[in-house]
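Dear colleague,

I am passing on the structure that follows, together with notes on what a search of it turned up. Please read the notes with the structure open beside them.

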Amino acid sequence: GDRCPADLRMIEVTGNCGILEAMLTGESNPISKHTDVCLPQSALGDRKNMAFSATMVMTGQGKGVVCGTGDLAEIGKISAMVSNVDSQKTNLMVQLEMFGRWISVFVLIIAVITFCVAYLVHDFELGDAFKSTVAIAVAIIPEGLPAVVTISLALAMQMLANNNAIIRQLPAVETLGSVTVICSDKTGTLTKNEMT
C-alpha cells in the first residue's frame, strides 16, 4: 500500500505490479503495470507503463524513472486546472444585479423630478429640496430584498434536504434548479475518489 511519490516511467516490474489509479481515472480496480512502450498520445488510463503521483501500489513491486513531480505530474495538472477555474455568477446573481441597476436608474430619475418640482414649482429652498429628494430616494430603495432572497433560498435548501440532497452554499440551490444535464461515470457517481 505505498503511495507513488511522483510520475514514474516503469523500468522494472515484479510480482504483477497493480496500482490503484481511481483518483485519476475513476477505475476502482488496480491496473497491472508493465514496461512496454506506450504511445505518447495514449489516454491516461491506457498508459500502463506509467505510475502516477499520489496513486497507491496495491500488489507487486516496481522501479521507475521520475518523469514528473509537483505541477508537472498528472495530479498537479489536474490541480492547476481546478485552481484556474473562474467562478461564474449564477443566473439569480445576474438578474439581481440587473434589477439593482434598474432600481438605481429609477431612483435617480425620481430624485431629479422630485428636486425639480420641489425647487422650481413649490419654491422650496435649495437645502429643503435636497433633503426631500434624498428622503424619497432612500424610501424607494427596497432594503428588504436581500433578506427575502436569502429566505427564499434557505427554504428551497430545506426542501432539498428533506429529499436527501444536502447543499453547502445557498446560491447552489438556484444553480441546481437550472440544471438540465448531469454527467456521471458508469457507477452513477460524481467521482473525486471519496464518498461525498
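The notes below take the salt bridges and then the cysteines.

Please keep in mind that this is a predicted model, in which local features need pLDDT of at least 70 and side-chain atom pairs count only at pLDDT 80 or more, while totals for chains, interfaces and linings use all residues. Residues are numbered from 1 along each chain as its sequence is written, and side-chain values use heavy atoms, with hydrogens and water left out.

Salt bridges

Searching the whole structure gives 4 salt bridges, a salt bridge being a side-chain nitrogen of Lys or Arg within 4 Å of a carboxyl oxygen of Asp or Glu. One of them is formed by the side chains of E21 and K33, at 2.4 Å from N to O. Because E21 sits in the loop between β1 (7-20) and α1 (22-25), and K33 in the loop between β2 (31-32) and β3 (50-51), this pair ties together parts that are 12 residues apart in sequence; here helices (H or I, at least four residues) and strands (E, at least two) are DSSP runs, numbered from the N terminus. E21 counts as buried at 1% relative accessibility, and K33 likewise counts as buried at 6%, where buried means under 20% relative accessible area, exposed over 50%, and partly exposed in between (1.4 Å probe, protein chains only).

Another salt bridge joins the side chains of E74 and R47, at 3.3 Å from N to O. E74 belongs to helix α2 (residues 74-83) whereas R47 lies in the loop between β2 and β3, so this contact ties together parts that are 27 residues apart in sequence. With a relative accessibility of 15%, E74 counts as buried.

E74 also forms a salt bridge with K77, the closest N and O atoms being 3.4 Å apart. These two residues are 3 residues apart in helix α2, a separation of about one helical turn, and K77 counts as partly exposed at 40% relative accessibility. Through shared partners, the salt bridges join R47, E74 and K77 into one network.

Cysteines

The search of the whole structure finds 0 disulfides, a disulfide being a pair of cysteine sulfur atoms within 2.5 Å. C38 is in no disulfide, and the nearest cysteine sulfur to it, that of C67, is 12 Å away. For C67, the closest cysteine sulfur is in C4 at 11 Å, which is too far for a bond; C67 is partly exposed, with a relative accessible area of 48%.
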